[in-house]
Amino acid sequence: MSLQEKRTLWSRQEQTTRFCKIKILLPLVILGYVISTTINPSLGVSYQQVISMDSLMSTTALVGSSSSSTAHSISNPIHSWLTTTENRPPTVEDEDDEGDEGDEDNNNKVVEEETTEIPLYRESSAKTEAAATAISDHTTITTISDDLQCAICFFGLPRSYKELVLPSIVKHVLEPNAKYNCDIFVHFYARNKELKGRLNPGGEMDPKEIYALEGAVQQVMAATNSTKSSSSSSPAIIFSNDTERTFFDLRRKQIDKYLKTKDKTNGKKLYFPWKQKTWKRSSLVNLIRQWHSIETVFGLMEHYMTTVKKKNYTRVAMLRNDAMYLSPIDILKLDNDNGDKNDQQHNVDDVNNEHFVIAPFANYPVNDRMIYGPYEAIKIWATQRFNLVEQRAQNKANRGMVMHSETFMQQSILPAMEDLGYKQHVHPGLCFIRTRPDSKALYNDCRTQGMAKGFEKKSAVISEITNILGRSCEPAVGKKGNSANLLIQC
């Protein structure tokens with residue numbers, strides 16, 4: 001079977017699977033909304049912009065224009081499943097950061113105060129008119145051309161968003177890709193606070209800050225279009241979120257399965273990576289949070305692509321909501337342009353659209369924190385985790401490491417992408433660091449377990465952070481050996 005036949009067959013199977021998911025999840029979404037409005041009548045509000053309910057999927061349940069960002073809210077009573085000791089999410093001091101090796105945060109203790117009044121779904125009003133004029137059907141692109149169609153998807157928990165993350169997104173994500181007019185999709189968790197963990201001092205958060213991305217996109221696009229002879233249409237900017245309640249309503253059975261299922265051959269946990277001594281119950285719960293957010297935002301993008309855009313994306317990027325990006329991410333490039341036109345090695349576009357790109361650091365054994373590349377390859381990275389982990393659980397060689405995030409990525413996800421004929425490429429110059437609440441960041445990220453080119457020295461990291469923010473940052477104060485020694489305060 002040829003590679004093209006493999007890709008076509010896989011795509012048809014995925015369409016059938018996603019249709020079945022929509023049929024199952026949609027009634028639950030509608031029922032939940034009816035119950036919520038019964039309990040809290042204030043949720044029944046009018047919207048300037050509405051997409052039919054039967055077109056929505058996952059937790060994307062309500063639609064409103066950007067001008068009504070606080071027009072509706074969702075209450076967050078803790079689900080009854082969380083009220084018993086046996087089923088309550090684990091609460092420990094050392095909690096893993098959504099599966100990242102060596103980064104344990106205490107993020108999944110459920111607290112009433114983390115509820116926030118924000119829409120479950122929101123689409124930029126700037127795209128309303130443009131969305132009405134759908135582009136003609138896509139014909140298969142085998143090489144990149146002026147017809148590049150791209151999407152940038154953000155996932156996860158937004159920490160220190162307006163202070164640290166957004167300025168870096170503007171400089172190193174939006175501006176490098178403005179020439180491509182990429183659509184933007186965001187899924188995030190509506191949490192108001194984060195508890196202290198080993199590599200996380202904890203603190204207050206305002207998830208509504210993430211909506212500032214909309215204005216940033218519009219400003220960047222306005223500046224880009226002003227330099228052209230004719231302006232292009234505005235990109236889509238679409239948001240979706242989950243609360244603790246909606247997340248556990250959708251994933252609690254899977255979490256129970258992954259935490260409790262025993263291997264019949266040795267009596268140990270089948271899915272839980274018990275060989276990795278730093279992993280705890282909470283580490284696995286956070287991993288499922290990450291997988292859920294990734295899959296949800298990709299589904300949001302696909303829904304828009306098939307129902308509104310009606311033209312397939314060529315390139316897709318999957319980026320974190322809590323990362324401060326210190327080097328340019330051009331969705332088409334395999335390496336950063338160093339300004340030397342004669343240096344062909346470092347001025348390379350993925351002209352055949354055949355490479356998926358990952359970062360050079362945090363190799364535990366590979367970096368699983370972001371990716372960009374061809375649409376069909378990224379679709380596997382974003383949507384096949386829950387399927388492939390079942391295959392992995394049956395492989396005796398994986399006992400004790402079935403759901404270890406980076407090992408699973410190396411041994412299951414990336415090979416599945418390569419089976420479709422796509423090639424892995426490690427971008428030597430990609431550098432981004434994870435943020436924490438209260439304007440703190442882990443400045444050593446892209447110099448740990450690998451190295452980003454150009455950031456070999458800590459001074460280079462600090463210098464770029466200063467350039468992005470326009471102000472200096474200082475090392476966080478802490479005792480020797482304390483996690484604060486890995487943080488900077490900006």
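Okay, housekeeping. Because the model is predicted, local features need pLDDT of at least 70 and side-chain atom pairs count only at pLDDT 80 or more, while totals for chains, interfaces and linings use all residues. Residues are numbered from 1 along each chain as its sequence is written, and side-chain values use heavy atoms, with hydrogens and water left out.

Let's start with β8, residues 237-242. Strands here are DSSP runs of E, at least two residues, and helices are H or I, at least four, numbered from the N terminus. Six of the six residues in β8 are buried, so the strand is largely enclosed by the rest of the structure. Buried means under 20% relative accessible area with a 1.4 Å probe, protein chains only. Ile237, Phe239 and Asn241 point one way, and Ile238, Ser240 and Asp242 the other. β5 (183-189) runs parallel to β8, with six bridges joining them; pairing takes at least two DSSP bridges.

Next, the open sheet: five strands, antiparallel, ordered β10-β14-β15-β17-β16. β10 and β16 are at the edges with a single partner strand each, so one side of each has no neighbour in the sheet. Pro475 has Ile488 of β17 as its bridge partner.

Helix α3 (161-177) lies across β10, β14 and β15, at about 35 degrees to β10. Helix α10 (458-469) lies across β10, β14 and β17, at about 90 degrees to β10. Contact is heavy atoms within 4.5 Å; axes are lines fitted to C-alpha atoms, for helices over the stretch in contact, with angles from 0 to 180 degrees between N-to-C directions.

Last one: His404, in the loop between α8 and α9, counts as buried at 2% relative accessibility.

Conventions. Buried means under 20% relative accessible area, exposed over 50%, partly exposed in between (1.4 Å probe, protein chains only).
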